[in-house]
Amino acid sequence: MVFSLDLLFEAVLFGVLLGSFYAAVSLGLSVAFGLLDIPYVAHPAMLVLGAYCTHLLSGMGVDPILSGLLLAPAFFVLGVAIYRFYYETFEKRGSETGVRGLAFFFGFAFIIEVGLILAFGVDQRGVEAAYIGSSLELGDYRIPYRLLAAFGVAIALTVALTLYFSRTFNGRAIKAVGQDEGALRLMGANPVRIKQLAFGIATAVNALAGAVLIVIGPVEPAMDRLYIGRTFCVVVLAGLGSMSGTLAAGLILGVAESIVLMFLGASWAPAVSFGLLLLVLGVRPQGLFGR
């Protein structure tokens with residue numbers, strides 16, 4: 001393909017929108033893995049579960065994004081229950097927590113996938129909304145409203161989480177719990193309850209992120225496998241636990257994928273996330289925005 005500034009601009013434009021979507025679906029992992037150091041490999045499966053729950057509410061006439069907001073409290077409770085089980089079974093014992101936890105969350109992801117197959121089959125499911133299938137025309141460019149919706153959700157979630165973690169006691173405690181639990185106890189906070197709260201927040205974010213996932217396109221039960229590499233790439237690239245860094249890293253990945261897709265072809269695009277992940281781990285393990 002002949003290089004063109006117009007094509008490059010188009011690739012960057014759509015890369016920014018795609019990257020905002022990657023950031024939205026990675027924010028929950030940034031909390032669970034980045035701040036709590038929990039090997040939450042079931043994160044993409046929870047995204048797909050959120051997407052299917054959104055599909056059910058959307059079938060009742062509820063807007064998909066609103067469905068994600070309505071599902072957030074239920075997902076918060078689910079996240080609290082998951083962490084409590086994880087803590088009592090693995091973390092409390094303190095031996096080989098990482099390996100055993102990894103196996104637990106892989107198994108949990110598999111259970112979600114099988115459950116969705118039994119409940120919905122293997123066919124793709126989608127949602128309907130006025131902004132799905134229509135585009136904003138800017139000169140020669142047509143920007144899908146569904147990507148603009150993902151961009152708006154990513155910005156809103158990033159701002160909300162950043163303010164919560166920086167302006168509230170519990171938010172600051174969540175940022176501190178992975179670094180020094182002893183100091184946190186001296187401040188009168190229970191580290192287990194703080195982690196429980198944080199994991200609940202990470203799971204609640206997945207409800208809204210799952211709604212964005214199904215707004216972008218139809219979903220199927222095994223779709224979580226497509227996002228394992230991308231979400232971990234965004235979180236590691238950002239620097240573990242950085243919300244604003246997660247947004248920036250998502251944009252970087254989105255632009256890189258979009259440029260590779262446009263100039264080298266679709267077969268190369270999936271390799272971008274793993275390539276960036278290996279590069280960052282080799283050159284700057286703490287991430288671009290980590291300390």
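Helices are taken as DSSP runs of H or I with at least four residues, numbered from the N terminus, and their axes as lines fitted to C-alpha atoms over the stretch in contact, with angles running from 0 to 180 degrees between N-to-C directions. The model is predicted, so that local features need pLDDT of at least 70 and side-chain atom pairs count only at pLDDT 80 or more, while totals for chains, interfaces and linings use all residues. Residues are numbered from 1 along each chain as its sequence is written, and side-chain values use heavy atoms, with hydrogens and water left out.

Helix α1 (residues 5-35) packs against helix α10 (residues 243-264) at an angle of about 140°, the two axes lying 5 Å apart. The pair is therefore oblique, a class that holds the angles left over when those under 35 degrees are called roughly parallel, over 145 roughly antiparallel and 65 to 115 roughly perpendicular. The contact between α1 and α10 comprises 19 nonpolar, nine polar and two charged residues, where Ala, Val, Leu, Ile, Met, Phe, Trp, Tyr, Cys and Pro count as nonpolar, Asp, Glu, Lys and Arg as charged, and the others, Gly among them, as polar.

Within helix α1 is found Ser-26, which is buried at 0% relative accessibility (buried, under 20% relative accessible area; exposed, over 50%; partly exposed, in between; 1.4 Å probe, protein chains only). Beyond its neighbours within four places in sequence, Ser-26 is in contact (heavy atoms within 4.5 Å) with His-43, Arg-230, Thr-231, Val-234, Val-235 and Thr-246.

Phe-289, in the segment after α11 (270-283), is partly exposed, with a relative accessible area of 42%.

Note on methods:
Helix = DSSP H or I, 4+ residues; strand = E, 2+ residues; numbered from the N terminus.
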